[in-house]
Amino acid sequence: MSDDVLSVIPTDPHWQPEPAAAECAASLVEDLAPGLPDGVDVEIDVTWHDVLTIVDCGQNLQKIGCLQCGASIDTEWWADLLEAHCDDGFATLAVVVPCCGAATSLDALEYDWPCGFARFEIAIWISSRGNRGGGNA
Ligand SMILES: [Zn+2]
């Protein structure tokens with residue numbers, strides 16, 4: 001009864017593909033999706049974001065590590081940051097971290113589970129709710 005989502009994003013957070021390339025990437029991702037048993041649906045969502053958007057892992061985020069000083073950053077700080085930017089996205093990833101005051105970039109922090117930033121995203125939704133009709137009967 002659970003939905004899993006696997007997100008594929010570019011390594012360059014600002015990069016956006018041409019539509020044709022995006023379609024190509026999406027079908028490649030579909031091919032790479034693991035062989036799934038009957039009753040499991042896979043849906044692929046391709047999204048262009050106007051601004052830098054967090055592709056986060058939601059409640060799975062347990063720890064943020066600072067690569068400057070090695071400290072763990074309070075996830076409350078992260079939650080506040082997400083809330084402040086949930087409507088308008090991020091104009092920049094530049095940030096001053098609370099642990100050591102270093103000026104760094106949000107995508108240079110260490111997230112456990114992984115989080116990323118992107119203006120383009122391919123999301124693979126895997127749901128195990130059973131057949132919604134169709135299939136290859
Ligand atoms: Zn630090």
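View 1. Read along the sequence, the elements of the protein chain follow the pattern β-α-β-β-β-α-β-β-β-β, giving 2 helices and 8 strands. Helices (H or I, at least four residues) and strands (E, at least two) are DSSP runs, numbered from the N terminus. This is a predicted model, in which local features need pLDDT of at least 70 and side-chain atom pairs count only at pLDDT 80 or more, while totals for chains, interfaces and linings use all residues. Residues are numbered from 1 along each chain as its sequence is written, and side-chain values use heavy atoms, with hydrogens and water left out.

View 2. The SG atoms of Cys66, Cys69, Cys99 and Cys100 coordinate the zinc ion at 2.3 to 2.4 Å; donors are N, O and S atoms within 2.8 Å of the metal (3.2 Å for Na, K and Ca), and because water is not among the atoms, sites may look incomplete. The arrangement is tetrahedral because the 4 donor atoms subtend angles of 103 to 116°, and four donors count as tetrahedral if all angles lie between 85 and 135 degrees.

**View 3. The donor residues in the sequence.** The spacing of the donor residues of the zinc ion is C-x2-C-x29-C-C. Cys66, in the loop between β3 (63–65) and β4 (72–73), and Cys99, in the loop between β5 (94–96) and β6 (103–105), are 33 residues apart, and this pair links distant parts of the chain. Cys66 is buried, with a relative accessible area of 3%, whereas Cys99 is partly exposed, at 32%; buried means under 20% relative accessible area, exposed over 50%, and partly exposed in between (1.4 Å probe, protein chains only).

Key: Tetrahedral: all angles 85-135°; square planar, octahedral: opposite > 155°, others 65-115°.
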